[in-house]
Amino acid sequence: MARILGGIGTSHVPTIGGAYDRGKQSDPDWAPLFKGYEPVKAWLAERRPDVLVFFYNDHASTFFFDHYPTFALGVSRTYEIADEGSGPRRIPPLEGHPELARHMADSLVNDEFDISIWQDLPIDHGVHSPLTMFWPPAPDWPGKIVPIEINVLQHPLPTPLRCWKLGQAVRRALLSYPEDLQVVIVGTGGLSHQMNGERAGFNNEIWDRKFLDLIARDPKKLTAMRHADYMRLGGTEGAEEIMWLAMRGALSPRAKKIHQSYYLPMTTAMAVALFEEPASHPAPKSARLRRAKASRRSPRARAAA
Amino acid sequence: MNPQLKGTEKLEGTYVFDLATSARALRLNRFLHGLTVASNRADFKGDLEAAFDKANLSAEERRMVRELDWAALIRYGASFFCLEKLARVRGVSNPEMVAGFRGEALEDFLKTRRVPGAR
């Protein structure tokens with residue numbers, strides 16, 4: 001069966017990928033952003049997952065309003081980088097895992113999650129803007145992806161609770177996959193920002209920090225909120241946070257947040273949070289004792305251990 | 001009314017992109033979305049009026065696109081994410097668009113930001 005190692009919540013604003021593409025690592029305006037992703041990059045390099053399953057949103061790049069899917073699962077072997085108006089980013093095409101994705105489609109539909117299916121379409125910054133911060137694309141991507149698009153552009157959006165349930169259904173799909181695979185779940189979007197009207201530029205760091213706390217400690221509370229609450233507290237595009245809920249729903253209740261970073265330079269609050277699952281198989285008593293001691297140390301020390 | 005959106009009508013300066021908006025501005029958004037195709041961008045840069053004719057845009061739609069009247073485009077029903085394609089073609093940054101939505105000059109908007117150089 002596939003094993004879920006943990007999860008990542010991350011913003012996906014295009015300037016994150018833009019900063020990477022322009023080599024802004026040591027630019028003082030951007031260095032804090034890169035620094036915030038370093039522990040995520042190191043964790044992935046150490047854990048070496050085979051597949052990243054993405055909950056993300058398209059930005060009218062892959063899909064248009066003539067048919068905008070609420071939930072849509074990508075089942076391709078390859079995903080080209082979408083042209084969003086100035087030519088595609090110069091990064092390699094993303095590699096899919098069609099065998100796993102087809103299994104997920106079968107599992108989700110039989111679990112009464114009648115998801116749309118797509119293939120042979122490009123992917124936009126909703127996936128790859130943050131991806132290059134923690135998965136080096138050179139010489140090629142370290143592993144494969146399975147993308148799940150969520151509509152956050154055209155209301156009615158799926159409810160926060162439904163996104164959480166989608167995450168749970170994806171967890172069941174992964175745990176029933178017959179082959180051994182190491183998987184990490186990624187939810188992209190947010191945090192506070194608004195990109196329309198006179199209220200554009202709205203941010204709310206107090207709410208963002210509360211969200212980062214609740215997504216780890218009490219995600220059920222977030223599933224009870226309405227889109228209007230997310231939009232009032234975090235701006236219209238703050239509603240993208242429902243994709244973090246799908247990610248969190250795919251993790252076990254015992255998953256622990258071991259790192260987070262927050263940077264708000266311009267219009268979008270750029271956050272990243274890393275969640276780790278406890279070992280999935282019962283460990284020998286000595287190991288359990290070591291873990292119990294470790295859990296009394298700080299999250300940072302545990303991440304480093 | 002979508003119960004998930006109850007209360008958003010009280011948010012000032014906010015335009016919710018729902019099905020009514022989407023239907024109203026479909027032709028314009030389709031035109032903007034088309035700018036993800038290189039040959040359409042070449043047509044747009046080569047002969048703007050011919051591109052407008054081909055998309056059958058109204059006089060007001062043409063004016064807003066020609067003048068990059070960001071605030072009016074959003075009020076009209078353009079999706080921000082379709083406007084982003086137009087901004088890329090015209091070499092306009094997102095902070096400039098946001099300043100436009102707010103009715104501010106870019107430099108005034110940047111004064112309200114924590115790291116004005118992070119563009």
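Helices (H or I, at least four residues) and strands (E, at least two) are taken as DSSP runs numbered from the N terminus.

I noted that this is a predicted model, in which local features need pLDDT of at least 70 and side-chain atom pairs count only at pLDDT 80 or more, while totals for chains, interfaces and linings use all residues. Residues are numbered from 1 along each chain as its sequence is written, and chains are lettered from A and ligands numbered from 1 in the order in which they are written.

**Entry 1: chain B overall**

I looked up the secondary structure of chain B and found nine helices and zero strands, which read along the sequence as α-α-α-α-α-α-α-α-α. Its C-alpha atoms fill a box of roughly 40 × 40 × 20 Å along the principal axes. For burial I used C-beta atoms placed from the backbone: a residue is buried if 20 or more others lie within 10 Å of its own, exposed if 12 or fewer, and partly exposed in between. On that count, 36% of the 119 residues in chain B are buried. Among contacts in chain B between residues at least 6 apart in sequence, I read that 57% join residues at least 24 apart.

**Entry 2: H7(B) and its partner H2(B)**

Which residues of H2(B) and H7(B) meet? I listed B:Asn29, B:Leu32 and B:His33 from H2(B), against B:Cys82, B:Leu83, B:Lys85 and B:Leu86 from H7(B). By class, this contact has four nonpolar residues, two polar and one charged, where Ala, Val, Leu, Ile, Met, Phe, Trp, Tyr, Cys and Pro count as nonpolar, Asp, Glu, Lys and Arg as charged, and the others, Gly among them, as polar.

The two helices, H2(B) and H7(B), pack at about 45° with their axes 8 Å apart; axes are lines fitted to C-alpha atoms, for helices over the stretch in contact, and angles run from 0 to 180 degrees between N-to-C directions. H2(B) and H7(B) are therefore oblique to each other, given that angles under 35 degrees count as roughly parallel, over 145 as roughly antiparallel, 65 to 115 as roughly perpendicular and the rest as oblique. I recorded their crossing as left-handed, meaning that the near helix is turned anticlockwise from the far one by less than a right angle, with clockwise being right-handed.

Nine of the ten residues of H7(B) are buried, among them B:Phe80, B:Phe81, B:Glu84 and B:Arg88. The cover over these buried residues includes H2, H5 (59-67), H6 (70-76) and H8 of chain B. Just after H7(B), I noted that B:Gly91 takes a positive phi of about 70°.

**Entry 3: where chain B touches chain A**

I found 46 residues of chain B in contact with 33 residues of chain A. On the chain B side, H1 (19-24), H2 (26-33), H7 (80-89) and H8 (94-102) each supply at least two residues, and the largest share, seven residues, comes from H7(B). That side of chain B has 20 nonpolar, 15 polar and eleven charged residues.

**Entry 4: the largest nonpolar core**

A nonpolar core is a set of buried Ala, Val, Leu, Ile, Met, Phe, Trp, Tyr and Cys residues joined through C-beta atoms within 7 Å. The largest one has 122 residues, and A:Val53, A:Ala246 and B:Leu83 touch the most other members. H5 (residues 160-175) of chain A gives the largest share of this core, seven residues.

I then followed A:Ala246, which, leaving aside neighbours within four places in sequence, is in contact with residues including A:Phe55, A:Ile150, A:Trp164 and A:Gly187. A:Ala246 is among the buried residues of H9(A), and in H9 (residues 242-249) of chain A eight of eight residues are buried.

**Entry 5: A:Gly189**

Is A:Gly189 buried or exposed? With 28 C-beta neighbours inside 10 Å, A:Gly189 counts as buried. A:Gly189 lies in the loop between S8 (181-188) and H6 (205-217) of chain A. Leaving aside neighbours within four places in sequence, A:Gly189 is in contact with residues including A:Ser11, A:Asn57, A:Met243 and A:Trp244. I also noted that the C-alpha atoms of A:Gly189 and A:Ala271, 82 residues apart along the chain, are separated by 9.0 Å.

How values were computed. Two residues are in contact if their C-beta atoms, placed from the backbone, lie within 7 Å.
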